[in-house]
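Have a look at the structure first.

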Amino acid sequence: MELWTSLVSPAESKDPRAIVERARTLERDGWSGAVFPDSQVISPEAFAILSWCASVTTHLKVGTGTSNPATRHPSVIASAAAAIQVLSSGRFTLSIGRGDSSLAYLGVPPVPMKFFETGLATIQSYLRGEPVSMPIAAKFLGELDRGVAELSVASIPETSTMSWMPDDYVKPELEATASGPKSIAIAARYVDRISFALGADTERLKWGIRTAREEAERSGRDPETLSFGAYVPCYPHEDAEVARDLARGMVASMSRFSAMHKKASGPMTERDRANVERVAATYNMKAHGASSSDQAQGLDPEFIDNFALVGPAQGCIDRVGEIEKLGIDRLVLWTGGMQGRAGESYRVTVDELLPAVLGSRSGAAL
C-alpha cells in the first residue's frame with residue numbers, strides 16, 4: 001500500500017515557496033506521494049506547483065487532488081500532466097473529479113455527469129496519444145464552437161492529437177475521485193484508478209469497490225485492470241477530543257461529496273445519512289475545510305470516528321490494515337499542519353503509522 005498526503009494545509013501558508021518546502025519535508029518523512037488541489041482561486045496554480053515540487057524531489061510521487069474537466073480544456077490538462085510525468089520520470093498521477101471549490105468560486109456547480117464522462121474519456125485519449133475528433137474537442141469550448149468556415153486557412157488537422165511526447169514517455173495514471181454510484185460507474189469505464197471520497201468506513205468502501213467492479217464487467221472491461229484508492233482524513237492523537245477537533249473540518253468537506261445535491265447517495269446508516277445531509281444543508285464554502293465552520297461543528301463524534309482515522313495510533317494502524325484488505329492499495333491521508341496540536345498529530349502519523357504500514361521504506365530509512 002502507498003500512503004500519500006496533501007501538499008497544503010489550510011492552517012499554514014499557501015505561499016508557493018512554503019508548499020515546495022513542504023514537498024521536501026514530506027519526502028524526508030517517508031510519504032509515498034502527495035497531492036495538491038486544483039482550485040485556482042483559493043490555492044496557487046496546481047500544475048505549476050506540482051511541476052516545481054517534482055523538480056526538487058527524487059522519489060516522492062505527486063498528483064492533483066483533484067482537477068476537473070471544466071476550468072481547463074482536456075487537451076490542456078493532458079498536456080500539463082504529460083509534461084510533469086516526463087519531468088518527474090514517471091511520478092505523476094492526474095486525478096479528475098466533477099469540480100468543487102474550483103467551480104463554486106466561479107459561481108457554478110460541479111459539472112453534469114455526462115460532461116464528466118466525456119471529459120474523462122477525452123483526457124484519457126489525449127494522454128494515450130490517441131486522436132480526438134474535432135467535434136468532441138470543440139465541444140468543450142462552449143459558445144466558441146462555431147466552426148472554421150471564416151478561418152483564413154486552406155485546411156486544418158482532421159483530429160486533435162497530442163503528439164509532442166518524447167520516445168520514453170510513459171502515460172501517467174489517470175484517476176477519478178468519486179463518491180456516488182453514478183460517478184463511480186462512469187469512472188470504472190475509463191480510468192486507471194478510482195479513489196473514493198468515502199472516508200475510512202469499510203462498509204462504504206466495499207460498496208464503492210463492488211459498484212466499480214460490476215460496472216467494469218458490465219461494460220466489457222476486465223475489473224482486474226482497475227486500481228483503487230481512498231481519501232481519508234487522518235488525525236491520530238492520544239486525546240480523542242483533540243483528534244476529532246482536528247479532523248472535523250476535513251470530515252465535513254469530504255463527507256459533503258456524498259450529498260452534493262442535498263440528498264445523500266449510496267448505502268449508509270441513518271445516523272451517517274443525517275450527518276451528511278446536515279453538512280450539505282449548512283455548508284459554507286467560505287469556510288471550506290475549516291474545523292470552526294458550522295458544518296464541521298454539527299458533526300456527531302461517532303460519525304467523525306467512523307469517517308476519519310482519529311484517536312490513538314494503534315487503532316488508526318489497525319483500521320488502515322482493514323482498508324488494505326479490501327483491495328485498496330493507495331491511501332491519501334489528509335493530515336494537518338506541522339505546528340501546534342496539528343503538528344503533534346502529524347508526528348504521530350509519520351513516526352508510528354507510516355513505519356507500521358510502509359516498513360523500512362519510511363522515515364529516515366529513505
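The lining of the second largest pocket is made up of nine nonpolar residues, one polar and three charged (Ala, Val, Leu, Ile, Met, Phe, Trp, Tyr, Cys and Pro count as nonpolar, Asp, Glu, Lys and Arg as charged, and the others, Gly among them, as polar). Its volume is about 350 Å³, and nearest its centre you'll find Leu-144, Asp-145, Arg-146, Gly-147 and Val-148.

Bear in mind that this is a predicted model, where local features need pLDDT of at least 70, side-chain atom pairs count only at pLDDT 80 or more, and totals for chains, interfaces and linings use all residues. Residues are numbered from 1 along each chain as its sequence is written, and side-chain values use heavy atoms, leaving out hydrogens and water.

Now for the largest pocket, with about 950 Å³ of space. Closest to its centre, among 46 lining residues, are Thr-66, Gly-99, Asp-100, Ser-253 and Phe-257. This lining divides into 18 nonpolar, 21 polar and seven charged residues.

A pocket here is an open set of points on a 1 Å grid over the protein atoms alone where a 1.4 Å probe fits, with protein on both sides within 12 Å along at least five of seven lines; lining residues have an atom within 4 Å of a point. Grid points are joined across faces, edges and corners, and a volume is the space filled by probe spheres set on the points.
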